[in-house]
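Please look through the structure below before reading on. The paragraphs after it go from the surroundings of the ligands to the chain as a whole.

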Amino acid sequence: MDEQTIIQVDGLTKYFPIRRGLFKRSASPVRAVDDIRLTVLQGETFGLVGESGCGKSTLGRCLLRAIEPTGGNIRYRDRGGAEIDVRGLDKKGLRAIRRELQLVFQDPYSSLNPRMTVAELVGEPLICHGIARGGEMRRRVTALIETVGLSARHLDRYPHAFSGGQRQRIGIARALATEPRFLVCDEAVSALDVSVQAQILNLLRELQQRLGLSYLFISHDLGVIRHISDRVGVMYVGKLVETARTEELYAHPFHPYTEALLSAKPIPDPRRKADRIVLSGEVANPANPPSGCYFHPRCPYARDVCRTEAPPMKQVSADRAAACHFAGELGLRGAL
Ligand SMILES: Nc1ncnc2c1ncn2[C@@H]1O[C@H](COP(=O)(O)OP(=O)(O)O)[C@@H](O)[C@H]1O
Ligand code: SF4
Ligand SMILES: [Mg+2]
């Protein structure tokens, strides 16, 4: 693994069995994450984007082994510079490494226990990991809560007393308590109003610079991803279909699915609070994906080969790759 790499996954796969009836298992599982190769560099934000259900959350959770992957490798470079085989860790090893790898959730309301005060919520990871207790804990909790732009007078209040943005700040303080180095932010601003989104994104950026953090930032929102990411990966039906530096991806996409995403207008979805991307045609079923290129039934550029042969990830230039038979040849439209 490269010196500058903090996380590298190879062939990462997560299949969920589908249960029909009480005992019967269907023959084909949901391929939520399907053979993903991905690298996150130290200090960067890697944005992961794609329609709802394409496997972003599953990938983020598999990376931290919050859920167990079905297959593949996960390598992590720890604080001391050692390369850790995350899948090979036993319970104790995993617990130790969890201090350095944390998750920030979408909905800070449901992820914060309403019966705990802010001091208890932010202090809990300190106790769990045996980092601090008593007066030392209170001191650290105060420092953490100030780091995220709140103050000591908030410490003895309960989550319901706060706005969505403030609650997300509490969620971030909690994630930072163990002094992590790598954060998976899963739709971390998707439930917030647009003006508040920008504040939280700026906070995450500032923290990144100050603390040297690396992020895997998951969102279905292309605007948010563009704002925060150094590089972007586009997912479609469990697979990574394109990776590029942010400006390049938005200016000149190399995968027809990326072009389609960039051209789609998000529509407000009242059920989910956040907007959703809506493209024409149906998203493929991850339990029964189409033959060849999964995107072919929706792709305006599809030719015969696309129906029969799955396109491998093709390196188009030094830091760009796309899984399309015609990557680099189609002259696709960007969003600039
Ligand atoms: N625990 C689970 N059991 C069965 N299927 C699941 C489970 N979690 C997610 N899935 C399925 O895996 C696919 C990817 O889901 P998810 O990772 O949540 O996508 P995203 O975060 O991109 O919206 C979806 O088809 C979803 O229905
Ligand atoms: S491989 Fe074919 S169907 Fe798939 S994205 Fe490329 S052109 Fe479209
Ligand atoms: Mg998700």
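**Ligand shells and overall fold**

The shell around ligand 2 holds 10 nonpolar, 3 polar and no charged residues; here Ala, Val, Leu, Ile, Met, Phe, Trp, Tyr, Cys and Pro count as nonpolar, Asp, Glu, Lys and Arg as charged, and the others, Gly among them, as polar. Of its 13 residues, those that come nearest are Cys293, His296, Cys299, Cys306 and Cys324. A residue is near a molecule if its C-beta atom, placed from the backbone, lies within 6 Å of it.

This is a predicted model, in which local features need pLDDT of at least 70 and side-chain atom pairs count only at pLDDT 80 or more, while totals for chains, interfaces and linings use all residues. Residues are numbered from 1 along each chain as its sequence is written, and chains are lettered from A and ligands numbered from 1 in the order in which they are written.

The shell around ligand 1 divides into 5 nonpolar, 6 polar and 1 charged residues. Among them are Phe16, Val30, Lys56 and Pro286. Strand E4 (30-41) and helix H1 (56-63) each supply at least two residues of this shell, and H1 gives the largest share, 3 residues.

The chain has 11 helices and 16 strands, which are DSSP runs numbered from the N terminus (helices: H or I, at least four residues; strands: E, at least two). Its radius of gyration, 21 Å, is close to the 20 Å that the globule rule gives for 336 residues, so the chain is as compact as a globular protein of that length. The radius is taken over C-alpha atoms, and the rule is 2.2 Å times the number of residues to the power 0.38.
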